[in-house]
There are 2 protein chains.
Amino acid sequence: MTIEELRKTREELREITGRIIELLAYRLEKAEKVGELKRELGLPNVDLETERELREYVSKKSAQYGLDDAFIQQIMTLIFNESIKRQDGKEPKNKIPRITHIDIFRKAKELEVSGREIVHLEVGEPNFGAPIKVADKLSEAAKKGYAFYGDAKGHVNLREAISEYLENRFGVSLSKDEILVTPGGRFAVYLAAAATLAPGDEALIIDPSWPAYKQITEFLQCRPVVIKTSLSTGWLPNIDELEKSTSRATKMLFINYPNNPTGVTISKELLKALVDFARRKKINVISDEVYMDYAFNGFTSILETNYDNAIMIMSFSKSYGMTGYRIGYLVAKKEIIDRAARIQSLLMTCVPEFIQIAAIEALADVETPRKYREEMKRRIDKVCQMLDEINAEYVKPTGGMYVFPRFRSLKMNSIELALKLLDKYGVSVAPGLSFGDYPDHIRISTGCELSKIITGMEKLREALNEQ
Amino acid sequence: MTIEELRKTREELREITGRIIELLAYRLEKAEKVGELKRELGLPNVDLETERELREYVSKKSAQYGLDDAFIQQIMTLIFNESIKRQDGKEPKNKIPRITHIDIFRKAKELEVSGREIVHLEVGEPNFGAPIKVADKLSEAAKKGYAFYGDAKGHVNLREAISEYLENRFGVSLSKDEILVTPGGRFAVYLAAAATLAPGDEALIIDPSWPAYKQITEFLQCRPVVIKTSLSTGWLPNIDELEKSTSRATKMLFINYPNNPTGVTISKELLKALVDFARRKKINVISDEVYMDYAFNGFTSILETNYDNAIMIMSFSKSYGMTGYRIGYLVAKKEIIDRAARIQSLLMTCVPEFIQIAAIEALADVETPRKYREEMKRRIDKVCQMLDEINAEYVKPTGGMYVFPRFRSLKMNSIELALKLLDKYGVSVAPGLSFGDYPDHIRISTGCELSKIITGMEKLREALNEQ
């Protein structure tokens with residue numbers, strides 16, 4: 001009889017599945033209707049508030065039925081995304097092409113290949129290069145045979161050196177199991193997010209921001225929820241606004257000070273307030289601190305707040321001019337590090353050990369970060385002085401390697417300005433729209449040498465005068 | 001009136017969503033029932049045939065309703081996975097702990113730290129090391145300042161060198177846009193899969209297999225569908241069985257010859273038959289060819305089949321002993337390479353350029369791969385001879401760096417054998433269960449020097465005699 005019963009139950013299963021499909025189709029139709037109505041009313045397509053309410057509702061409902069909330073939230077994410085896709089299809093196409101600073105960089109490179117001389121004020125890379133001692137150590141390590149597979153978490157000597165370094169600098173005591181060595185800060189951000197977010201989760205991102213936070217969040221099938229800050233309030237985030245943007249799907253807050261692209265840092269008090277907010281909401285915080293050595297008036301790390309769900313991201317790229325070495329690390333509680341290490345092990349086994357040995361050498365070097373910081377400050381001061389001469393509005397950076405001015409009298413948007421600057425004047429800048437909804441800002445990077453920056457700024461002045 | 005209409009439509013939306021949840025709960029209940037009945041009948045939990053029929057059914061149904069098939073298949077995958085999870089929860093727990101060769105490796109390392117001498121016959125790493133010329137080139141490049149960000153696709157000189165190399169070797173003409181340089185073969189496999197699979201897709205995997213194929217597939221929320229091969233048919237896959245395991249969700253076939261763990265290679269004819277099958281089914285093929293230089297009787301690359309949806313994976317790890325350099329590449333049509341490069345750019349910007357410059361030096365070296373292959377063959381021959389002396393069954397490898405023998409008279413499973421070998425004899429091997437459902441096989445790696453391999457094999461004989 002059991003076989004007959006199995007056959008019957010399977011048939012029921014098929015029928016129920018069919019009804020689910022019917023309902024999904026019906027639901028998508030209704031969602032399209034909502035989209036049309038919203039367009040008529042001039043409302044935006046994505047409505048987080050409504051989505052959030054709906055997620056709450058299905059959560060309660062699925063608890064009633066004894067369903068796993070994560071499963072249902074994933075289903076909801078697929079449904080929301082499909083609804084948006086269908087609504088977008090009916091939307092009139094955006095007239096402004098979405099050009100990012102990467103596109104500008106690529107165009108600049110093409111112009112260079114064709115023989116034009118270009119001033120690069122768009123790239124996030126210091127021109128400093130690695131200390132000779134570091135390159136020597138790399139060679140030595142490679143020749144000594146540090147060229148086999150290593151620990152996925154990173155060479156124990158490097159992890160111990162990092163732990164000691166952070167203890168000396170921030171007074172925190174960390175075990176080597178709370179540190180994971182990664183191929184660069186970017187991969188550290190990815191691993192931190194991948195180890196803690198599930199599809200359908202939301203992450204709070206404070207704009208303007210480095211585009212990777214949103215891109216990585218979306219890559220993980222999660223949704224970035226943006227909190228805008230503005231020049232008028234010194235680019236500082238407001239806790240009330242964070243509060244308002246939080247839902248039961250919120251699982252992460254990204255922060256990044258000294259900030260890319262604004263160059264602002266935050267006070268110990270504001271950092272504490274951000275962490276208190278995260279603690280209250282029981283969410284993780286990824287604190288991207290890769291510009292810490294370019295902070296001009298001191299720096300507080302999230303490690304100093306002793307928050308259990310803090311994830312600190314650091315890289316050797318800026319502090320020691322080691323961009324091309326691709327090495328960084330993340331610091332978090334062991335549980336998160338273990339999950340991140342499993343992903344790193346799955347995707348790439350380990351970071352080359354000769355690079356890790358070279359990084360130990362870099363960590364011992366206190367002169368280089370100081371020298372690089374002073375040079376960055378000199379460049380930023382010069383850019384600010386030249387911006388003052390053309391009456392641009394900006395918040396004076398207290399760190400980082402960028403200035404993010406606004407041109408109120410601009411007769412074009414910042415993408416058009418960036419393209420004109422590049423085509424006519426051979427100067428490459430990053431348009432504000434790359435970092436959020438900032439159409440009249442541009443990001444000026446101080447990565448290249450001072451004389452070039454001055455030339456670039458002079459040409460910017462010409463372009464603005466001429467418009 | 002539109003606002004009122006919006007309110008009303010949203011309410012309907014909520015109600016329909018609620019009904020979908022109810023039906024999902026009902027469906028999972030029924031699936032649990034099916035699970036119980038299957039257990040009573042002694043049938044396996046996952047029933048691909050039924051799943052496939054259901055996928056066909058919902059496909060037709062969703063076409064009727066004008067739904068996107070990919071969306072519905074993704075929903076189905078979530079539902080299938082949740083059903084299996086719930087059925088598994090009720091399953092009596094498996095008594096054998098799932099110990100992999102990584103666990104064995106870790107245990108072996110712990111024993112070493114505690115002072116025991118261990119013979120490593122479990123690791124997939126040759127003991128050869130990189131040629132001195134390569135290490136020299138690495139040093140030179142780092143000192144010359146190849147230490148800045150580079151092209152996400154890889155340094156143009158390396159891509160051109162790879163293209164030339166492949167043309168000379170396989171007679172294929174490739175543009176540099178069909179090549180992507182990656183931090184190792186593992187990341188190349190990940191990128192290839194991530195660029196071509198969507199959540200809910202199925203991938204065909206021929207067992208026994210390197211565990212990463214299944215793990216990466218699952219990491220991407222896709223489903224590995226296993227086709228077993230056996231010692232009695234020389235570990236060769238059967239096209240009919242592949243055919244039977246294919247559903248409308250199938251998007252990928254993984255192949256790997258010379259094979260890890262069996263060491264077999266396949267004929268040009270069988271490779272062609274596999275590609276023809278993929279062509280018929282319109283699916284991508286990832287051909288992991290990292291052991292190509294350890295093929296003892298010649299090698300045919302998938303590149304020679306001119307299949308538009310072939311993705312070839314290669315690494316410098318085995319051919320040049322450069323495991324710790326973490327460098328490899330993938331070859332595919334431009335469209336796939338572009339997608340993979342965007343992911344690589346998002347996750348890690350680029351591969352260190354000094355490593356890429358060193359890899360160009362490696363490519364020019366024809367002596368080293370020949371030398372390494374000859375040494376591997378010598379080691380494999382010795383292992384086979386010693387296996388003959390203890391009457392083990394195995395297929396004699398025609399390539400690679402492993403032998404995968406079966407011990408029919410074993411009074412324990414291969415995990416117990418591996419643990420006993422390690423604890424009592426200080427010999428570390430990988431249990432067959434790491435590579436699929438092969439409880440009476442072990443994988444013997446020939447990565448370490450011959451004298452150690454001989455010691456290890458002698459101890460294996462002792463252990464078997466003693467049981």
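**Exercise 1. The two copies**

What rotation and what shift along its axis superpose chain A on chain B?

Solution. The model is predicted, and local features need pLDDT of at least 70, side-chain atom pairs count only at pLDDT 80 or more, while totals for chains, interfaces and linings use all residues. Residues are numbered from 1 along each chain as its sequence is written, and chains are lettered from A and ligands numbered from 1 in the order in which they are written.

Step 1. Copies are superposed by least squares on the C-alpha atoms of residues with pLDDT of at least 70 in both. A rotation of 180° with a shift of 0.3 Å along its axis brings chain A onto chain B, with an RMSD of 0.4 Å.

Step 2. This is the relation of a two-fold axis.

Step 3. The C-alpha of chain A nearest the axis belongs to Ser139(A), 2.2 Å from it.

**Exercise 2. The interface between the chains**

Solution. Step 1. Two residues are in contact if their C-beta atoms, placed from the backbone, lie within 7 Å. On this basis 79 residues of chain A touch 79 residues of chain B.

Step 1. Helices (H or I, at least four residues) and strands (E, at least two) are DSSP runs, numbered from the N terminus. Among the elements of chain A that give two or more residues to this side are helix H1 (2-40), helix H2 (48-64), helix H3 (69-90) and helix H5 (132-143). H1(A) provides the largest share, 28 residues.

Step 2. Sort the residues by class: Ala, Val, Leu, Ile, Met, Phe, Trp, Tyr, Cys and Pro count as nonpolar, Asp, Glu, Lys and Arg as charged, and the others, Gly among them, as polar. The side of chain A that touches chain B then has 44 nonpolar, 16 polar and 19 charged residues.

Step 3. Of the interface residues of chain A, 100% are also interface residues in chain B, so the copies meet through the same surface.

**Exercise 3. Helix pairs**

At what angle do H1(A) and helix H2 of chain B pack?

Solution. Step 1. Axes are lines fitted to C-alpha atoms, for helices over the stretch in contact, and angles run from 0 to 180 degrees between N-to-C directions. H1(A) and helix H2 (residues 48-64) of chain B pack at about 35°, their axes 10 Å apart.

Step 1. A crossing is left-handed if the near helix is turned anticlockwise from the far one by less than a right angle, and right-handed if clockwise. The crossing of H1(A) and H2(B) is right-handed.

Step 2. Residues in this contact include Arg10(A), Arg14(A) and Ile21(A) of H1(A), and Leu54(B), Tyr57(B) and Lys61(B) of H2(B). By class the contact has four nonpolar, four polar and three charged residues.

Step 3. Now take a pair inside chain B. Helix H5 (residues 132-143) and helix H12 (residues 353-363) of chain B pack at about 145°, with axes 8 Å apart. Their crossing is right-handed. The contact of H5(B) with H12(B) has nine nonpolar, no polar and four charged residues.

**Exercise 4. Domains of chain A**

Solution. Step 1. Domain bounds come from an automatic or database domain assignment. For chain A the assignment gives domain 1 (19-90), domain 2 (101-124 + 368-466) and domain 3 (133-364).

Step 1. Taken over C-alpha atoms, the centres of domain 2 and domain 3 of chain A are 26 Å apart. Their contact takes 25 residues from domain 2 and 26 residues from domain 3.

Step 2. On the domain 2 side, helix H13 (367-389) and strand E9 (402-403) of chain A give two or more residues each. H13(A) gives the largest share, seven residues.

**Exercise 5. The sheets of chain A**

In what order do the strands of the open sheet of seven strands stand?

Solution. Step 1. Two strands pair if DSSP finds at least two bridges between them. The order in chain A is E2-E8-E7-E6-E5-E3-E4, with mixed pairing.

Step 1. Strand E2 (179-182) and strand E4 (223-228) of chain A are at the edges, each with a single partner strand, so one side of each has no neighbour in the sheet. The twist averages 20° from one strand to the next.

Step 2. Strand E7 (residues 310-315) and strand E8 (residues 328-331) of chain A pair in the antiparallel sense over four bridges. Here Ile313(A) stands opposite Leu330(A) in E8(A).

Step 3. A further open sheet has four strands in the order E1-E10-E11-E9 (chain A), also with mixed pairing.
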